[in-house]
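Subject: Structure handover

Hello,

The structure I promised is below. My notes on what was found in it follow.

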Amino acid sequence: MQQSFVHLHVHSDYSLLTGATKIKPLVARAAELNMDAVALTDNGNLFGAIEFYDAARSRGLKPIVGMETYLTRSSRFEKDTRARNLDRLVLLARNHTGFKNLLKIATAGYLEGFYYLPRIDYEFLEDHAEGLIGISSGMNGAVAREVLAGQPRQALDIAGRHREILGDNFYVALQDHNIPHQRALIPQLVDASKRAGVRAVAVNDVYYLGPGHASAQEVLVNIRQQNTMEDKNRFRAETDQRYFKSTEEMAALFEGVPDALQATRDIADLVELNLDFGNLLLPEFPLPTRFKDLDDYLVFLCEEGLKERYSSIDDALVERLKYELDVIRQMGYAGYFLITRDFIQHARDKGISVGPGRGSAAGSLVAYCLRITDIDPMRFELLFERFLNPERVSMPDIDIDFDYRRRGEVIEYVKQKYGEESVTQIITFGTMAARGVIRDVGRVLGMDYSEVDYTAKLVPAELGISLEKAVEQVPELSAMEENDGVHGKLIRTARTLEGVNRHASTHAAGVLIAPGRLDEVVPLFKSGKGEVSTQWDMKSSERVGLLKMDFLGLRTLTVINDSLDLIEERTGNRPDLENLGFDDEKTFDLLRNAHTIAVFQLESSGMRDLLRKLSPESFEDIVAVNALYRPGPMGSGMVNDFIDCKHGHKEIRYEHPCLEPILKSTYGMMVYQEQVMQIASTMAGFSLGDADILRRAMGKKKKEEMDA
């Protein structure tokens, strides 16, 4: 049965509902209350739009995507004291045209109108009003502000102006958060809306899920404003009523204006937004005239590269290359490989150091033939399906390391090639993690630093640990939570705030390349430092089909490059890194003696201890050291077993004879994800594509998928 009330106005700025960890409970709450639609309206941005859209759809709810924009009555380009006098207007995307206009509005707010807050002006709104629904926002909305100022004539004029821009899709908001002057405003706003010929609509600010979280929201705002609860001018919550109310609660509040409740239902029915995530939005790669398409050009380059990489080409090489090219053609990723090859080639031509490749991309023979990577996947038995799996469609992901000092030159080349308006970096959100949120809350509560520091350090130093797990594991934290005093408030508030977005910054590596103007497909953000990035994080940007490249600046490459320069300067010879042998005995002596301080990934005291015990004698042993120095193998006793088997102190056992060829190099133990895939293929008859799905399920500990 459809509900008569739909939440159209859910804040996520200065609220507890930011970040994926909070959006999911918000949507779950809507589902529990038998809502069939819910909106998310970030303040001035669309940060959570895609996460919210997916979360709502997954629960069978209609997602209403929107934002609360800041409107200046002067020009968005003016930056003076008058420009800070802002109206607020909730904008909802009625359809795909409205969604695209929201992208433009959210972008312009930061890139053109930012002055303390991301602003647009009425002229910009008029040019981008198609497909949008507007709701004059509460006491900060233009209509309410004029009524509060005792200017009913101006209230009608401004309502009329909104109606001229948005037509019948403009509404005046009524709110009742148990604030006396807000409640007194309701009949005046109803009267103003009738006289202006527009409908009123009942809305409720949602900053938190339940009334018990109001004090945590107060703490959150003071964390962001860098106040303590003792500061005279700190933020104080006027009410505890800005929570996710049920239909029954809203009906009781607005029983005198039933049409305002019905308007929420009517607005939700107007919204028909279906986002298509099935298209890969690749920029156009300039194709040499003699090739018919991108696939044809990719095949040519790979066949030439195969001849350069291998002195002898056998059937296995030809078949592997053909298989990979067929998968790439089938998945439509030829352009991705050509674009990647192009900027890596440019870097090499300019003398910018490029890493040999890392991660699953090293399993691609195509990447090796194109010189995207310098690791021979055939020699090291690396599997292509770990990188691209036709049975699990996902974007390719190639991490590319560049000399730290010159990474910017490569990004600049990409901007010049594909257009400044088509290339940007990606936003990333810092969230309040277990120890950090305790420190933040403790500071706002005015607690002694040493007390807060002691409490924070009670949280076990485990990667990704939550406060829920910490309280379960540490009796002292559990006892604190039960305390009625300040320590109890500290832990309870910290648990409520954990996972909330703390700040936005620019991703260290991610770069997007779009086919045309970015603001046609993604909203843009400008940081306080002037850096332009997306408003959507990496996952959301990839979700809408945008091409993401990882340009990593690696200081180790810078150090290596400087070292080669010094050697050449002193000896007249420059070592050729691409043709170094894998059997240099002096190098293995250095590793066995753990003289590896400042050697990338081998410098920590724990890693040096492991090197001494394992005593590497081959390149494969170095690879194994890196794989074994992780919490899982170290905590399970697997590392000791590996060392004992290698040195003959323990018998090497294979659970089945067919495992010996796969596990021989790792003394009978499964060390690599590729081995898991090979075993699933050999023993269970899985295709390597299915084996990759099993590998991912194991890595993410998804029992249901493993059982299936």
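Which residues of helix H2 (residues 49-58) are buried? They are Ala49, Ile50, Phe52, Tyr53, Ala55 and Ala56, where buried means under 20% relative accessible area with a 1.4 Å probe, protein chains only. Helices are DSSP runs of H or I, at least four residues, numbered from the N terminus. Gly60 follows H2 and has a positive phi, near 75°.

On provenance: this is a predicted model, in which local features need pLDDT of at least 70 and side-chain atom pairs count only at pLDDT 80 or more, while totals for chains, interfaces and linings use all residues. Residues are numbered from 1 along each chain as its sequence is written, and side-chain values use heavy atoms, with hydrogens and water left out.

The protein chain is divided into domain 1 (23-209 + 244-270), domain 2 (294-428 + 505-556) and domain 3 (581-671); the bounds come from an automatic or database domain assignment.

The centres of domain 2 and domain 3, taken over C-alpha atoms, are 31 Å apart. Four residues from domain 2 and four residues from domain 3 make the contact (heavy atoms within 4.5 Å). Between them the two domains bury about 370 Å², 68% of it on carbon and sulfur atoms; this is the accessible area (1.4 Å probe) lost on being put together, summed over both. Of the area that domain 2 buries against domain 3, 79% comes from Arg379, Phe380 and Thr556.

Zero salt bridges are found across this interface (a side-chain nitrogen of Lys or Arg within 4 Å of a carboxyl oxygen of Asp or Glu).

Regards

Technical notes: Buried means under 20% relative accessible area, exposed over 50%, partly exposed in between (1.4 Å probe, protein chains only). Helices (H or I, at least four residues) and strands (E, at least two) are DSSP runs, numbered from the N terminus.
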